[in-house]
Amino acid sequence: MDGNGRWAKERGLPRREGHRAGAESVREIMEACKELGVGYLTLFAFSSENWSRPAAEVHALMALLERFLREKAKDLDRQDVRLLAIGQLDRLPAKTRALLDSIIARTASHSSMTMVLALSYGAREEIVAAARSLAADAAAGRLLPEAIDAELFSSRLQTTGIPDPDLLIRTSGEMRISNFLLWQISYAEIVIVKKNWPDFREGDLFEAVEEYQRRHRRFGAL
Ligand code: IPE
Ligand code: MG
């Protein structure tokens, strides 16, 4: 979800207003995905690199996340949506983390859709942690290096149990991945949308899905 700051700047508003408007897009996109029958929606909400933004902006983003979680809890129940989170969650403020954990627990049995929030997330960190856990098992004699394959590696990532994404949408026209799900997007179809995230709404999602449907996925075969 990129372009909140630029959206605000274009309107002469403070950046936090862009994030606030972006939260509205999240609400709308979540409901649209549910209607489309999307099984998993993963939102890159806060990267490990985002911690280096000014403290006031980090604070505003955490406050917004808490508000979103508090307001969304009932909707997640009503819409049968399960919430999950990936990332270095222990870096989140204690009260944000507690709220997040409580909603994850409360929605654990919901099965119409899964919404995954990537928070304090970085793909390289995730991959390093997986490598470290495999290395620890090997060093302890519990695992033969030859037994490490792509499937075992995947199972040590935080996304274990979550299917690889079919479609990756990046807003604000940026043509880069920025440390998002590097392992998992190996065969994802990428759609770059020029609009900033706060302007990305239901109709834009439908267009991105139509674009996806026009692609021919060959997974390296003919
Ligand atoms: C995305 O918008 C939201 C977060 C990273 C949390 P940005 O804040 O990156 O907006 P730009 O890229 O400065 O426009
Ligand atoms: Mg940005």
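These legends describe close-up views of a predicted model.

**View 1. The shell around ligand 1.**
Twelve names make up the surroundings of ligand 1: Met1, Asp2, Gly3, Asn4, Gly5, Arg6, Arg15, His19, Ala45, Asn50, Arg53 and Leu61. By class, three of these shell residues are nonpolar, five are polar and four are charged. Which element gives the largest share of the shell? Helix α1 does, with three residues.

**View 2. Polar atoms close to the oxygens of ligand 1.**
The side chain of Asp2 places an N or O atom 2.9 Å from an oxygen atom of ligand 1. Asn4 takes part through its backbone, where an N or O atom lies 3.1 Å from a ligand oxygen. Gly3 also takes part through its backbone: one of its polar atoms there is 3.4 Å from an oxygen atom of ligand 1. How much of ligand 1 does the protein cover? On its own, ligand 1 has 380 Å² of accessible area, and the protein covers 86% of that. Two or more residues of the shell come from each of two elements, α1 (4-10) and α2 (15-36).

**View 3. His19 and its two side-chain partners.**
His19 sits in helix α2 and belongs to the shell around ligand 1. Is His19 buried or exposed? Its relative accessibility is 7%, so His19 counts as buried, since the limit for buried is under 20%. Its side chain makes a polar contact of 3.0 Å with the side chain of Asn4. Asn4 is another member of the ligand shell. A second polar contact, of 2.8 Å, links the side chain of His19 to that of Glu57.

**View 4. Ala23, also in helix α2.**
Ala23 is a residue of helix α2. Ala23 has a relative accessible area of 12% and is therefore buried. How far is Ala23 from Leu168? Along the sequence, 145 residues separate the two. In space, their C-alpha atoms are 19 Å apart.

**View 5. Strand β3 and its neighbour β1.**
Strand β1 covers residues 40-47 and pairs with β3. The pairing is parallel and has seven bridges. Within it, Phe44 faces Ala118 of β3. How many residues of β3 are buried? Nine of nine are, so the strand is largely enclosed by the rest of the structure.

**View 6. Strand β3 and its neighbour β2.**
Strand β2 spans residues 81-86, and strand β3 spans residues 113-121. The two run parallel and are joined by six bridges. Arg82 has Thr114 of β3 as its bridge partner.

Arg91 belongs to the loop between β2 and α4. Its relative accessibility is 42%, so Arg91 counts as partly exposed. Ala108 lies 17 residues away from Arg91 along the chain. The C-alpha atoms of this pair are separated by 22 Å.

Where is Thr159? It lies in the loop between α6 (150-155) and β4 (167-170). With a relative accessible area of 8%, Thr159 is buried. Its side chain makes a polar contact of 2.7 Å with the side chain of Gln184.

Asn179 is placed in the loop between β4 and β5 (189-192). Leu181 is likewise found in the loop between β4 and β5. What is the phi value of Asn179? It is near 65°, which is positive in a residue other than glycine. Leu181 has a phi near 40°, again a positive value in a residue other than glycine. Asn179 has a relative accessible area of 13%, so this residue is buried. For Leu181 the relative accessibility is 3%, and Leu181 therefore counts as buried.

Conventions: Residues are numbered from 1 along each chain as its sequence is written. Chains are lettered from A and ligands numbered from 1 in the order in which they are written. This is a predicted model: local features need pLDDT of at least 70, side-chain atom pairs count only at pLDDT 80 or more; totals for chains, interfaces and linings use all residues. Side-chain values use heavy atoms; hydrogens and water are left out. A residue is near a molecule or strand if one of its heavy atoms lies within 4 Å of it. A polar contact is a pair of N or O atoms within 3.5 Å; within protein, one must be able to donate a hydrogen and the other to accept it, and residues adjacent in sequence count only if both atoms are side-chain atoms. Accessible areas come from the Shrake-Rupley method with a 1.4 Å probe; for residues, only the protein chains shown count as cover. Helices (H or I, at least four residues) and strands (E, at least two) are DSSP runs, numbered from the N terminus. Ala, Val, Leu, Ile, Met, Phe, Trp, Tyr, Cys and Pro count as nonpolar, Asp, Glu, Lys and Arg as charged, and the others, Gly among them, as polar. Two strands pair if DSSP finds at least two bridges between them. Buried means under 20% relative accessible area, exposed over 50%, partly exposed in between (1.4 Å probe, protein chains only).
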